[in-house]
Amino acid sequence: MARKLTKKYVNIPPILRPSGLVFSCEDKADVFRNALEESFQENIEPYDDNFIENVENEIDDYFFTNNIPSPAPLSSPAEILAIIAKLNIRKTSGPDKIPNKALKLLTPNALTFLTKIFNKCLTFNHFPLRWKQANIIMLSKPGKDPKFPQS
């Protein structure tokens with residue numbers, strides 16, 4: 001599917017926004033960006049940031065003082081290798097541009113370092129912002145009017 005979308009030009013019909021129809025690619029991209037921002041909003045609930053921070057600190061202190069390991073199960077190089085082995089080399093790479101074929105050629109040393117990075121992320125509950133990015137391809141829903149960005 002990715003190959004079909006990248007090899008031939010797909011004509012996107014004019015998109016309707018509140019001020020009228022837009023025809024240029026830049027304006028269409030802005031309309032899609034706004035539609036995605038509206039649909040992926042954080043739930044608005046009354047909450048207190050200080051209270052949440054205090055609860056998180058109490059939990060961290062409890063785990064630290066009682067020497068309780070991270071609740072997340074850590075990975076092994078064999079587990080990472082099994083996941084990499086299942087990757088399809090014909091699939092496109094993500095924002096990092098590392099092809100699946102290159103991941104399959106990792107040396108045991110590199111695989112060990114990759115596993116350590118993953119385990120540290122799980123231990124410290126920290127995931128880099130780059131890991132939270134994705135390439136999004138807008139596909140129109142069948143049977144819906146393509147001039148609306150929600151379709």
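Predicted model: local features only at pLDDT ≥ 70, side-chain atom pairs only at ≥ 80, totals over all residues.
**Start with confidence**

Colour the chain by pLDDT before anything else. The mean for the chain is 83, and 91% of its residues reach 70 or more. Now pick out helix α1, residues 2–7: among the elements of the chain, this helix has the lowest mean pLDDT, at 70. Helix α4 has the highest, at 94.

Next, select residues 77–85, which form helix α4, together with residues 108–124, which form helix α6. At what angle do α4 and α6 pack? The angle is about 105 degrees, and the axes of the two helices are 9 Å apart. Angles of 65 to 115 degrees count as roughly perpendicular, and α4 and α6 are therefore roughly perpendicular to each other.

Show the side chains where these helices touch. From α4, display Pro77, Ile80, Leu81 and Ile84; they meet Leu111, Leu114, Thr115 and Phe118 of α6.

**Along α6 to Asn119**

Stay in helix α6 and select Asn119. Is Asn119 buried or exposed? Its relative accessibility is 14%, so Asn119 counts as buried. Zoom in on the side chain of Asn119, and you can follow it to the backbone nitrogen of Ser75, which it reaches at 2.7 Å. Leaving aside neighbours within four places in sequence, Asn119 is in contact with Leu74 and Ser75.

**The loops on either side of α4**

Move to Ser76, in the loop between α3 (49–65) and α4. With a relative accessibility of 32%, Ser76 counts as partly exposed.

Then go to Lys97, which is found in the loop between α4 and α5 (100–104). Lys97 is exposed, having a relative accessible area of 60%. Look at the backbone here too. Most residues other than glycine have a negative phi. Lys97 is not a glycine, yet its phi is positive, at about 65 degrees.

**Out to Lys147**

For the last stop, select Lys147, in the segment after α6. Lys147 counts as partly exposed, at 33% relative accessibility. Which residues does Lys147 contact, leaving aside its neighbours within four places in sequence? They are Pro14, Ile15 and Leu16.

Lys147 is also a handy point for drawing distances across the model. Draw one to Leu87: the two C-alpha atoms are separated by 36 Å, and the residues are 60 apart along the chain. Draw another to Glu53, which lies in helix α3. Glu53 and Lys147 are 94 residues apart in sequence, and their C-alpha atoms are 44 Å apart in space. While you are at Glu53, check its surface: at 46% relative accessibility, Glu53 counts as partly exposed.

Definitions and conventions: Residues numbered from 1 in each chain as written. Heavy atoms only, no water. Axes fitted to C-alpha atoms, helices over the stretch in contact; angles between N-to-C directions. Helix = DSSP H or I, 4+ residues; strand = E, 2+ residues; numbered from the N terminus. Parallel < 35°, antiparallel > 145°, perpendicular 65-115°, else oblique. Contact = heavy atoms within 4.5 Å. pLDDT = per-residue confidence, 0-100. Buried < 20%, exposed > 50% of the residue type's maximum accessible area, 1.4 Å probe, protein only. Polar contact = N/O pair within 3.5 Å; in protein donor to acceptor, adjacent residues only side chain to side chain.
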